[in-house]
Amino acid sequence: MQLLVIADDFTGALDTGIQFARHGIATTLFLSDALTAGLLVDCQADVVVADTESRHLPPEDAAARVRAVTRLAKAAGCPVFYKKTDSTLRGNLGAELAAMQDVCGAKRLWFAPAYPALGRTTRGGTQLVNGVPLARTDFAADPFNPVGTDFVPALLAEQTDRPVRIAAPAALPPEADRPELVVFDAETDAELLQTAQALWAHGEAVCLAGCAGFAAALEAVLDLPRTAQVPELPNGSLLLVCGSVHPRAVAQCRYAAAHCGYPELPLTAAQMLSDTGDDAKTLDTLCTALERSGRALLRVSGGRECLAETAALAARLSIDPQTVPARIAARLGALTAQVLARKKPAALIVFGGDTLLGIARALGCTSVTPLAELLPGIVLSQMQTDTGALFVVTKAGGFGDENLLQEIECRLHDLRNL
């Protein structure tokens with residue numbers, strides 16, 4: 001193992017891992033609760049990605065998970081550590097970056113949060129989405145993980161007291177007297193690459209952080225073995241499962257239903273929280289759609305009204321609101337597993353990291369191998385489960401054009417015809 005990547009959610013783990021796998025670098029993803037010292041010793045991959053599932057945890061619990069995984073990798077002799085962060089700054093950034101830096105023993109952690117391919121840039125330490133400050137976008141109102149500031153040093157200071165410096169691309173400031181975090185500006189992929197090259201040239205590419213954009217730049221400077229690989233994707237049906245309530249994901253699902261031949265089955269607020277007695281009907285509907293049209297869509301009901309209804313119902317049922325995202329993901333996972341037991345599609349398409357985790361756990365996933373990046377942030381992988389291998393296409397909820405499903409299907413068609 002030459003590089004450990006630590007991500008706080010499943011889709012983020014995959015869209016970072018694929019930056020290495022798509023260039024033929026052996027890459028394997030593990031859920032951190034299944035990661036052991038023995039697995040790391042036996043793993044033949046040069047890049048190991050660990051999903052800590054810590055985005056929604058209290059900061060101290062998130063930091064503990066990151067420390068545990070970092071210690072395992074350090075004991076196994078891993079030389080480079082990369083903390084994958086969300087490009088819209090969700091999660092426990094300060095706590096997790098400080099935790100990884102502490103275990104690494106590095107005086108400086110180098111953080112480049114930009115992802116220009118998805119319109120996420122950093123200017124003067126402020127995170128922008130398509131040129132708009134993050135705090136003025138839909139991400140600021142995320143129902144499960146709202147972001148209150150777009151100034152990266154201020155956000156980090158909410159969870160760590162170590163100094164934070166802002167640096168221009170590739171401009172390495174002189175070393176300070178105590179551990180610090182350095183945040184790099186970047187508005188283009190070229191600037192991210194220049195920063196990665198400067199860190200590598202100065203022997204500083206040890207304790208790093210960023211999203212998939214900076215990971216892609218890091219891949220270009222790491223000297224790792226590469227072998228060509230082309231996935232053999234079968235023809236057949238497609239099942240789309242969406243657990244994201246982001247307006248972009250909701251619009252993409254509606255477009256898929258109206259224009260791409262995906263018969264949809266939106267779950268009610270009650271169905272999202274528990275089995276209302278309608279699961280058998282739901283499964284029959286989905287399996288029939290897969291048989292007849294080769295397409296089916298299972299999704300949560302989006303929109304503010306449905307979110308409010310779900311929250312109100314959870315309160316009436318005395319369900320801890322902090323557990324609602326995981327509960328919904330587990331429901332989607334259970335339903336998906338039951339569909340797959342009756343009618344296995346050629347590929348599963350999943351929107352939302354929590355949803356992907358719920359499905360992986362329901363299927364008894366042991367590891368995931370990223371295979372191809374269909375589009376920026378959209379990854380084709382092979383998931384190893386209790387019942388065999390499954391092709392999965394994944395993306396986070398909050399990006400992509402309305403007709404994204406058409407683009408994904410075109411990319412899958414191209415892969416089948418290579």
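Me: Where is Q19 found, in which helix?

Reply: Q19 is found in helix 1, which covers residues 10-21; helices (H or I, at least four residues) and strands (E, at least two) are DSSP runs, numbered from the N terminus. This is a predicted model, in which local features need pLDDT of at least 70 and side-chain atom pairs count only at pLDDT 80 or more, while totals for chains, interfaces and linings use all residues. Residues are numbered from 1 along each chain as its sequence is written, and side-chain values use heavy atoms, with hydrogens and water left out.

Me: Why is Q19 called buried?

Reply: The relative accessible area of Q19 is 2%, and buried means under 20% (exposed is over 50%, partly exposed in between, with a 1.4 Å probe and protein chains only), so Q19 is called buried.

Me: What makes the pair Q19 and E373 a polar contact?

Reply: The side chains of Q19 and E373 come to 3.2 Å, and a polar contact is a pair of N or O atoms within 3.5 Å, where within protein one must be able to donate a hydrogen and the other to accept it, and residues adjacent in sequence count only if both atoms are side-chain atoms. Leaving aside neighbours within four places in sequence, Q19 is in contact (heavy atoms within 4.5 Å) with residues including Y115, A212 and E373.

Me: How do you know that strand 6 and strand 7 pair?

Reply: Two strands pair if DSSP finds at least two bridges between them, and strand 6 (residues 120-123) and strand 7 (residues 126-129) are joined in the antiparallel sense over 4 bridges, with R120 standing opposite V129 in strand 7. Strand 7 is also joined to strand 8 by 2 bridges, again antiparallel, and the 3 strands form an open sheet in the order 6-7-8. Strand 6 and strand 8 (132-133) stand at the edges, each with a single partner strand, so one side of each is left without a neighbour in the sheet.
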